[in-house]
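Me: Hi! Could you walk me through this protein with a few questions and answers?

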Amino acid sequence: MAQEIELKLALPIRFAPRLRQHPVLASSQPDKRCIRNLYLDTPEQLLRQKNIALRRRQLGQTWLLTVKTADVARNGLSCRHEWEYPMPPDQLDFSPIEAQEIRTLLEQQIDKLELVFRTDFVRTAWHIPHEGAQIEVALDLGHIRTQHRRTSIHEVELELLSGPQASLTSLAQHLQQSLPLTPLAPSKAARGFALLNAL
């Protein structure tokens, strides 16, 4: 199990080129890839009610299964427990999850799980040092889609890879001096469910 510590920020899409050219990212060669996520839940959205996100992620020819627990984000900063491991897209196996309560819940619902929405986006990521920390700066541009609705993704994620957590806030403040970045509390999963349940 890993703990994901990240700061999410909304960025108007027209400012994406300015972020790519920001001096703080100049020392890192960006990694660009297309990411496809398929989010699963029961028809009653039991996992959402339990603050659990379950997704299949496609990266090229590789498929990963991801389970995340959600907490309350504060000013865009969130800390979540996360399990992610290789899993073919036609299989579900929750045995790698050490948290027994979560694993048992998922196994009990395995026959009810279905696709509820998907996200498709291009991620451009830089790994940079900042004030004693290693941070991934990821620019995500794409869409969240349900069967009948769609909304855009244009956000920046600052994920702490190592070092002090305060470095995330410091880097965000530095970027905000020249970019209109604003805290974004809801995760992509939360936004997907909001879109799915919109009247």
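This is a predicted model: local features need pLDDT of at least 70, side-chain atom pairs count only at pLDDT 80 or more; totals for chains, interfaces and linings use all residues.

Me: Which order do the helices and strands follow from the N terminus on?
Reply: The protein chain has five helices and nine strands. Reading from the N terminus, the elements run β-α-β-α-β-β-β-α-β-β-β-α-β-α.

Me: What radius of gyration does the protein chain have, and does it agree or disagree with that of a compact globule?
Reply: Along the principal axes, the C-alpha atoms fill a box of roughly 50 × 35 × 35 Å. A compact globule with 199 residues would have a radius of gyration near 16 Å. The value for the protein chain agrees with this, at 17 Å.

Me: What percentage of the residues count as buried?
Reply: A residue is called buried when its relative accessible area is under 20%. Among the 199 residues of the protein chain, the buried share is 48%.

Me: Which residues of helix 5 are buried, and where on the helix do they lie?
Reply: Helix 5 covers residues 188–196, and its buried residues are Lys188, Ala189, Gly192, Phe193 and Leu195. Looking down the axis of helix 5, you find these buried residues within an arc of 160°, so they line one face of the helix.

Me: Is Thr69 buried or exposed, and which residues does it touch?
Reply: Thr69 lies in strand 4, which spans residues 62–69. Its relative accessibility is 14%, so Thr69 counts as buried. Leaving out residues up to four places away in sequence, Thr69 touches Asn51, Arg80, His81, Trp83 and Ile102.

Me: What is the phi of Gln45, and is this residue buried or exposed?
Reply: Most residues other than glycine have a negative phi. Gln45 is not a glycine, yet it has a positive phi of about 60°. Gln45 sits in the loop between strand 2 (31–41) and helix 2 (46–49). With a relative accessible area of 10%, Gln45 is buried.

Me: Where is Glu131, and is it buried or exposed?
Reply: Glu131 is found in the loop between strand 6 (114–130) and strand 7 (133–145). Its phi is positive, near 50°. At 54% relative accessibility, Glu131 counts as exposed.

Me: How many Å apart are the mean positions of the positive and negative charges?
Reply: The protein chain has 24 positive and 22 negative charges. Their mean positions are apart by 8 Å.

Definitions and conventions: Residues are numbered from 1 along each chain as its sequence is written. Side-chain values use heavy atoms; hydrogens and water are left out. Buried means under 20% relative accessible area, exposed over 50%, partly exposed in between (1.4 Å probe, protein chains only). Helices (H or I, at least four residues) and strands (E, at least two) are DSSP runs, numbered from the N terminus. The arc is that of the directions from the helix axis to the C-beta atoms. Contact means heavy atoms within 4.5 Å. The radius of gyration is taken over C-alpha atoms; the globule rule is 2.2 Å times the number of residues to the power 0.38. Lys and Arg count as positive and Asp and Glu as negative; His and the chain ends are not counted. The place of a charge is taken as NZ of Lys, CZ of Arg, CG of Asp or CD of Glu.
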